[in-house]
Amino acid sequence: MGASGISNAETISARRTFLLAWRGWTKACPRCGQRGLYVRWFTLRPNCPGCELRFEREEGYWTGAMGVNIIATELLFVALMITTFVLTWPDPPVREMIAGGVLFTIAFPMFFYPFSKTIWMAFDRAFNPSDQPGRTEQ
Ligand SMILES: [Zn+2]
């Protein structure tokens with residue numbers, strides 16, 4: 001079994017990582033895949049309607065989601081600026097780029113907000129799958 005067992009475990013782990021990422025990017029529960037976690041665009045239910053998972057694991061938990069949102073916004077912003085710069089060289093529309101950049105960095109985080117939370121939950125669960133965080137093992 002040896003080698004094939006290891007490869008099996010790696011496949012399962014890669015599959016789990018992909019599943020968690022998929023659930024995060026599609027606003028699904030990281031534990032059971034349930035949808036409809038938001039009552040409104042900005043309002044996440046406190047618990048999963050499918051498996052009762054409590055989403056906010058601890059005080060300050062959503063700081064991670066804020067980090068996800070900031071990183072995504074900054075990466076996209078830089079990508080958009082570089083693309084616009086390259087495509088319009090040698091005469092880039094600097095004023096429009098500034099105005100567009102300001103609008104983008106205001107609008108995108110609002111659009112991405114619900115995704116940032118489920119992506120953060122999936123990311124967090126990939127490294128800490130325990131259902132009872134903060135509890136030390138006896
Ligand atoms: Zn669930």
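The following legends describe close-up views of a predicted model.

Local features are described at pLDDT of at least 70 and side-chain atom pairs at pLDDT 80 or more, whereas totals for chains, interfaces and linings use all residues. Residues are numbered from 1 along each chain as its sequence is written.

**View 1. The helices of the protein chain.** The protein chain has three helices and zero strands; helices (H or I, at least four residues) and strands (E, at least two) are DSSP runs, numbered from the N terminus. Of its 138 residues, 14% count as buried, a residue being buried if 20 or more other C-beta atoms, placed from the backbone, lie within 10 Å of its own.

**View 2. The largest nonpolar core.** Seven residues form this core: Leu20, Ala65, Val68, Ile119, Trp120, Met121 and Ala122. A nonpolar core is a set of buried Ala, Val, Leu, Ile, Met, Phe, Trp, Tyr and Cys residues joined through C-beta atoms within 7 Å. Helix 2 (63-88) and helix 3 (94-127) each supply at least two residues of this core, and the largest share, four residues, comes from helix 3. Apart from this core lies another, of five residues, including Ala28, Leu37, Leu44 and Cys48.

**View 3. Helix 2.** The buried residues of helix 2 are Ala65, Val68 and Asn69, and they pack against helix 3. At 1.5 Å a residue, the 26 residues of helix 2 should span 38 Å, which agrees with the 37 Å between its end C-alpha atoms; the expected span is 1.5 Å times one less than the number of residues.

Key:
A residue is buried if 20 or more other C-beta atoms lie within 10 Å of its own, exposed if 12 or fewer, and partly exposed in between; C-beta atoms are placed from the backbone. Two residues are in contact if their C-beta atoms, placed from the backbone, lie within 7 Å.
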